[in-house]
Structures are given as C-alpha cells and as structure tokens.
Amino acid sequence: MLQLAPYAAHDEDSRGRRVAEPQPSRRGEFQRDRDRIIHSTAFRRLEYKTQVFVNHEGDLFRTRLTHSIEVAQIARSIARALQLHEDLAEAISLAHDLGHTPFGHSGQDALNACMKPFGGFEHNLQSLRVVDSLEEKYADFPGLNLTFESREGILKHCSRTNARALGDVGQRFLDGTQPSLEAQLCNLADEIAYNNHDVDDGLRYGLITIDELLEIELFGEQYRAVAAAYPALSQRRQIHEIVRRMINHVVVDLIEYSETRLRESGATSIDDVRRSDQTLIAFSPQVREQALTLKRFLRENLYNHYRVRRMSRKSVKIITDMFEVFMADYRTLPPQYQDAIRDGNGGPADAEHKARTVADYIAGMTDRYAIREHARLFAPQEQT
Ligand code: MG
C-alpha cells in the first residue's frame, strides 16, 4: 500500500473489535473486515435487491450489489489519491447497503411505517445490525466482529434515540463530532455512484431523455464536449462517454477540494479529523450545487416517474401485508424466526422484540423472495 497520510485511519491505531481477536497474519485489520463482508450472506443477497429498478425488470440495471461495487471503486480511487486507507474505504462501501430492505427506498419507507410503534426502521442502523449480530457464521463471536472504524463508517446516519442505545459507535451523533475521512468519502462516493448510474439506467429504461438532461449543468457540459469531439458516436457509446466524464469531473473536484480543506484544517491525526466542526471531505460549493440540481432532477423525473411509483405501491403493499400477518400470528414465520421470538417460557416475548424479529426477516429478503413469500401467504393457489 502507498504511504498513508497522518490523518488517515491506521490499522495499528484501530479502536478495535467488540470481541478481541488476535491480529490477522499477512493482512491488515481493515482488509480482514472487507474479506468478512464479501463472504457474508447479506452481501450475496444484494444481487437480488433493488436499487431503483426491481430485479426482474431487466438484466442490465444496477442492483444493490453492482451499486455497492461501483461505490467501492469510486471510494478506493478517492482514498488512494488522498493517501487514505483504501481497504477501510472498500470495506465500508461494500457493507453500506447490507441492511437495505427489498424494493429500495419504498420498501424501507414501508417497513419504517410498520415499525413506527416499535422504534422505527433505519436502513443504516440495520446494516450495522447485520454485521454486528444477524450474520451468524463465526464460532467465537456473533456477527462479523468488524473493527470500530468499519462499523462507524457503516452507520452513516442515526437518530439520537438509537445513537444513545448504541454506545461508542453512536456517540458522534450525540456530540456532533465527525467520523474518519474514509467514512466521509464513502458517503460521497455513494452519492456519486447513484447519481450517475441512475442517469444511465434511467436513459436505458427510457424514463428520462437526453433532451431533458441537457438542462442539467453536470450532464449538459459533458454532453457538449462529447458531441463536439465525436459527432458521429452511437447513442449508447455517447451516453457512456458522458457518464464516465461526469463521474471523473466530480471525483477530481472532490479530491482537489478535500486536499485544500485538509491542508487548511491543519489536521495531523484521525483524532483531529473527529474533532473538526465540519466534514473535511467535500465537493467544492459549485459542484455541490450542480450535484443537488441533478439530484432534484432525478427525484422529480425518475424516482417519481409513474412507472417507478407503480412498482413502489406494489412493494409497500407486499411489505405491509407480510408485516401484518407475521405480527398477527408469529407462528406463520419460518421456525428459526419463531425461536428468536420466543422467550424462555416458550411463549412470545414482548411486542417490540417480536416486531424487530419480523423486521429482520423482511429486511433480509431479496425482491424475488419477498414477491414469492407474499404469494405463499396470500395467493390461495400457491403452496405455503
Ligand atoms: Mg448506497
């Protein structure tokens, strides 16, 4: 690995794992985190979870898995350029969406609504729950037993109530301090990835058009450069050429602007980074504004497109229906979830614990599993 900057996360200064483990041999602590994430069941499920388009709508659209890989690619480039810890950035990126429900944001909103009386459902917190306890694979500890730094990066947002219950990893949401630079950059790499691949997928699906996008500065600028240099390019290649230039444009801006911020901050350690009153990884104000405009455009024209909204309605129904059945009769759940719900006396434990177990089951489903499970519960002709 390249020389790390003093304000990067360093393996030897890690705040450690929840269950102490011997040092890994021949690989670093964050490398081990990354490897455990890739070998997890939740990671494989990402292949069949929606980003924007439901998995069965087409083979070429992004899924949570390809999205997470794109986030990791962008995050690693930024980390390397800024001499930050590439393995940590990769681990956080690959794990950041592990807690996502089936059907993307509408699924998460639906489950959150169901869970309102029981403390709500936050997908960032669920990602942490996956790596902390739901993955049961290792003999010596629950979950993946990741380092504090990976867990801190996975927990991108958190309500104050939940933060209080989390202890050390929730503390920064209470005292307003910052996470590591690697966590900060993954947050923005996520945004770069989805803004750009949603443009690509939206065009491919025909829900948005090049003409509409020309009004958006980030796209229009690159469109004009590509059209001038390659006037005869096929549309497919033209779109890819524009999107790759858009990514490059914002990534370079992010690296250069962050370099300035880091220099001006005078930070010389990860503790200085944490104490800083603002994030030090950031887009320039101009690119921040451009990215916001693109986001608004995508919200209005893609995420709220009537065809996307129809699928969202279906997914709300699927998730709400399942939640209601499982809550009304927990013995319709697969046996291992019933066991998790039972208290020591063989009866169901309290309602909150029951609801959380149901939410874990639903959140872990892939799109197609959820569709099938809904049919098994509600379609009389289906096998149960
Ligand atoms: Mg994401």
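Beyond its neighbours within four places in sequence, Ser-284 is in contact (heavy atoms within 4.5 Å) with Asp-253 and Tyr-257. The model is predicted: local features need pLDDT of at least 70, side-chain atom pairs count only at pLDDT 80 or more, and totals for chains, interfaces and linings use all residues. Residues are numbered from 1 along each chain as its sequence is written, and side-chain values use heavy atoms, with hydrogens and water left out.

Ser-284 sits in the loop between helix H14 (270–275) and helix H15 (285–303). Its relative accessible area is 11%, so Ser-284 is buried. Buried means under 20% relative accessible area, exposed over 50%, and partly exposed in between (1.4 Å probe, protein chains only). Helices (H or I, at least four residues) and strands (E, at least two) are DSSP runs, numbered from the N terminus.

**Magnesium site.** His-67 (NE2), His-96 (NE2), Asp-97 (OD) and Asp-190 (OD) coordinate the magnesium ion at 2.1 to 2.7 Å. The donor spacing in sequence is H-x28-H-D-x92-D. His-67 in helix H3 (residues 64–81) and Asp-190 in helix H10 (residues 181–205) are 123 residues apart, so the pair links distant parts of the chain. Both His-67 and Asp-190 are buried. Donors are N, O and S atoms within 2.8 Å of the metal (3.2 Å for Na, K and Ca); water is not among the atoms, so sites may look incomplete.

**Helix H4.** In H4 (residues 86–95), 10 of the 10 residues are buried, so the helix is largely enclosed by the rest of the structure. Among them are Glu-86, Asp-87 and Glu-90. The cover over the buried residues of H4 includes H3 and H10. Further cover includes the helices below.

| Helix covering H4 | Residues |
|---|---|
| helix H1 | residues 29–38 |
| helix H2 | residues 41–45 |
| helix H6 | residues 123–134 |
| helix H7 | residues 148–154 |

**Whole protein.** The protein has 19 helices and 0 strands. Its radius of gyration is 22 Å, close to the 21 Å from the globule rule for 384 residues, so the protein is as compact as a globular protein of that length. That radius is taken over C-alpha atoms; the rule is 2.2 Å times the number of residues to the power 0.38. Along the principal axes, the C-alpha atoms fill a box of roughly 70 × 50 × 35 Å. Buried residues make up 53% of the 384 residues. Of the contacts with a separation of 6 or more, 70% join residues 24 or more positions apart.
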